[in-house]
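These notebook entries record what I looked up in the structure shown below. I kept them in the order of reading.

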Amino acid sequence: GAVVSQHPSWVICKSGTSVKIECRSLDFQATTMFWYRQFPKQSLMLMATSNEGSKATYEQGVEKDKFLINHASLTLSTLTVTSAHPEDSSFYICSAAGPGRTETQYFGPGTRLLVL
Amino acid sequence: AQSVAQPEDQVNVAEGNPLTVKCTYSVSGNPYLFWYVQYPNRGLQFLLKYITGDNLVKGSYGFEAEFNKSQTSFHLKKPSALVSDSALYFCAVRGRSGGYSTLTFGKGTMLLVSP
């Protein structure tokens, strides 16, 4: 149980385009979802937290207009990187926590984004 | 604000030997502590957590962790390492951000188990 998927697993795009990453909880309802960014050989940095049906809460320094988060249902959250630039290239990881699982986050496999 | 320190960038151990990956934390109130493992180009897998109760917590794949309140430590241990245990290990502590329960991660420790 507690499986979280992400799609796509990797994406290459041109500078200036937008990229959408999906995060799904497959076997539980995720009341809260989290988006992280990880640079090579570094730890995970929390970007934002969202509850289903409400606006995401962004961490300090994260541009909410650039990283759009939609948590439309209890099993799906999306992260859209708008007008992507090479410096947005990174490994993006989502996690989910649900009813009864609020103390433990379950992580997706990650999405590697390369902006050319 | 809460924080986690993993003092070792890398830990090397021979297969069959015991391993320890160190973690210390700083948090106000009672700590909720976690260990996760990450394999190359993959997300994090949950290993174990401490919330309350016994100081020795048992988790997945034979791993365990010992909570020490006086030393504010939560070291990850395994009695006998396997080559397949080689991965990046993260310690994390629960915090709060914008009304949500969030995780603050250490920088990670690479565990290399040699045959």
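**Entry 1: A:E22 and its partner**

I began with A:E22, which is partly exposed at a relative accessible area of 25%. For this term I used the accessibility classes throughout: buried means under 20% relative accessible area, exposed over 50%, and partly exposed in between (1.4 Å probe, protein chains only). A:E22 forms a salt bridge with A:R24, and the closest N and O atoms are 3.4 Å apart. A salt bridge here is a side-chain nitrogen of Lys or Arg within 4 Å of a carboxyl oxygen of Asp or Glu. A:R24 is also partly exposed, with a relative accessible area of 34%.

I noted the conventions at this point. The model is predicted, so local features need pLDDT of at least 70 and side-chain atom pairs count only at pLDDT 80 or more, while totals for chains, interfaces and linings use all residues. Residues are numbered from 1 along each chain as its sequence is written, chains are lettered from A and ligands numbered from 1 in the order in which they are written, and side-chain values use heavy atoms, with hydrogens and water left out.

**Entry 2: Other salt bridges**

The element names follow DSSP runs numbered from the N terminus: helices are H or I of at least four residues, and strands are E of at least two. A:K66 counts as buried at 12% relative accessibility, and A:D88 is buried at 4%.

B:E66 is partly exposed at 37% relative accessibility, as is B:K77 at 28%.

I then listed contacts, counted as heavy atoms within 4.5 Å. A:T80, in strand β8 of chain A, is buried with a relative accessible area of 16%. Leaving aside neighbours within four places in sequence, A:T80 is in contact with A:S18, A:V19, A:K20, A:K66, A:F67 and A:L68.

A:V3 lies in the segment before β1 (4-7) of chain A and is partly exposed at 38%. Not counting residues up to four places away in sequence, A:V3 touches A:R24, A:S25, A:L26, A:D27 and A:F28.

**Entry 3: Strand β4 of chain A**

Is strand β4 (residues 32-38) of chain A mostly covered or uncovered? I recorded it as mostly covered, with seven of its seven residues buried. A:T32, A:F34, A:Y36 and A:Q38 make up one side, and A:M33, A:W35 and A:R37 the other.

Two strands pair if DSSP finds at least two bridges between them. β4(A) pairs with strand β5 (residues 44-51) of chain A in the antiparallel sense over seven bridges, and A:W35 stands opposite A:A48 there. These two strands form a hairpin with five residues between them, and A:K41 in the turn has a positive phi of about 60°. Seven bridges also join β4(A) to β9(A), again antiparallel, with A:A96 as the bridge partner of A:M33.

**Entry 4: Strand β12 of chain B**

Strand β12 (residues 109-114) of chain B has a covered face of B:T109, B:L111 and B:V113, and an uncovered one of B:M110, B:L112 and B:S114. Five bridges join β12(B) to strand β2 (residues 10-14) of chain B, and the two run parallel. B:Q10 stands opposite B:M110.

**Entry 5: Between the chains**

The contact takes 23 residues from chain B and 25 residues from chain A. I found zero salt bridges between chain B and chain A. Among the elements that give two or more residues to the side of chain B that touches chain A are β10 (87-97) and β11 (100-105) of chain B. β11(B) gives the most to that side, with five residues.
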